Amino acid sequence: MKYSNLDSLMTIEKNVLLNKLKETYLSYKLSKNQAIAARGIEVLVAIIFIFSGIEWYYILVYIFVIIYGIYRIMKPNEEDQIYFKKFELLAEEFENFKRFKRNQIDLDIKAEKLSKIEKSIEKCLPLLIQVIGIGKVYKICAFIPVVNILIDETTLYRDPKSGPLNILLYGNLVYPSLEDFESSKIKEI
């Protein structure tokens, strides 16, 4: 099912949403062999730069790149648990948003802010629950040293400015977050 508007998104149950978030995230991630290859290329390029006669402070930066690359080879799934916790928080906040829209809970939210939250959900949530073509581009970028500092396979999840997950959880200058729908702020009717 394609989720393109708020009405179709409102039909998703909390556990289904959580499963879709996890499935989509895992489909974007590199496989174990791909991750080893991408990090290996990153480490190899850093080693080449270290021995190319660059300044000492660049050498320090590339040493950190090598250490981090080796760490990511050894623990490729370290970030997953962090994202899964964020998915649970997002699913809970979205469920509270749906309850608010059905007048089951009471919150003090202005109509203008609510409209922006709805636009935020319509824009961002489909990107997190449906596999989109840009995911393949992000996977390719994960193999390109230097580029993968800014863009890699988890960009949709970790980008603080325009990543849909961070927009929904923390907001940005254009879109407010769902933080008003945290369970601690809910008043039952």
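**Notes on the model**

Modeller: Leu114 is found in helix α6. Please keep in mind that this is a predicted model.

Colleague: Is Leu114 buried or exposed?

Modeller: Leu114 has a relative accessibility of 15%, so it counts as buried, the limit being under 20%.

Colleague: Which residues is Leu114 in contact with, leaving aside neighbours within four places in sequence?

Modeller: Leu114 is in contact with Phe97, Phe100, Ile109 and Phe181.

Colleague: And how many residues apart in sequence are Leu114 and Lys98?

Modeller: They are 16 residues apart in sequence, and their C-alpha atoms are 12 Å apart in space.

Colleague: Let us turn to the core. Which residues in the largest nonpolar core touch the most other members?

Modeller: They are Phe87, Leu90, Phe97, Ile121, Leu125, Tyr157 and Phe181, in a core of 39 residues. The elements giving two or more residues to this core are α1 (6-9), α2, α5, α6 (111-129), α9 and α10 (164-170).

Colleague: Where does the largest share of this core come from?

Modeller: It comes from α5, which gives eight residues. This helix has 22 residues and reaches 31 Å from its first C-alpha to its last, close to the 32 Å expected at 1.5 Å a residue.

Colleague: What does Leu90 touch?

Modeller: Not counting residues up to four places away in sequence, Leu90 touches Leu21, Leu125, Leu128, Leu165, Leu168, Leu169 and Leu178.

Colleague: What comes just after α5?

Modeller: Asn103 does, with a positive phi of about 60°. Its place is in the loop between α5 and β1 (105-106). Most residues other than glycine have a negative phi.

Colleague: Is Asn103 buried or exposed?

Modeller: Asn103 is exposed, because its relative accessible area is 59% and the limit is over 50%.

Colleague: Now the aromatic residues. How many aromatic pairs are there?

Modeller: The count comes to 15 aromatic pairs. In one of them, the rings of Tyr28 and Tyr157 have centres 6.2 Å apart and planes at 55°, so this pair is tilted.

Colleague: What pair do Phe87 and Tyr157 form?

Modeller: Phe87 and Tyr157 form an edge-to-face pair, 5.8 Å centre to centre with 65° between the planes. This pair links distant parts of the chain, with Phe87 in helix α5 (residues 80-101) and Tyr157 in helix α9, 70 residues apart.

Colleague: Which residues do ring pairs link into a cluster?

Modeller: The cluster links Tyr25, Tyr28, Tyr83, Phe84, Phe87 and Tyr157.

Colleague: One last topic: which residues of helix α7 are buried?

Modeller: In helix α7 (residues 134-141), the buried residues are Gly135, Tyr138 and Cys141. They cover an arc of only 115° around the axis, so they are on the same side of α7.

Colleague: What covers them, and what does the face turned away carry?

Modeller: The cover includes α2, α8 (147-150) and α9. The face turned away from the buried side carries the exposed residues Lys136 and Ile140.

Key. Residues numbered from 1 in each chain as written. Predicted model: local features only at pLDDT ≥ 70, side-chain atom pairs only at ≥ 80, totals over all residues. Heavy atoms only, no water. Phe/Tyr/Trp six-rings, centres within 6.5 Å; stacked < 30°, edge-to-face > 60°. Helix = DSSP H or I, 4+ residues; strand = E, 2+ residues; numbered from the N terminus. Buried < 20%, exposed > 50% of the residue type's maximum accessible area, 1.4 Å probe, protein only. Core = buried A, V, L, I, M, F, W, Y, C linked by side-chain atoms within 4.5 Å. Contact = heavy atoms within 4.5 Å. Arc of directions from axis to C-beta. Expected span 1.5 Å × (residues − 1).
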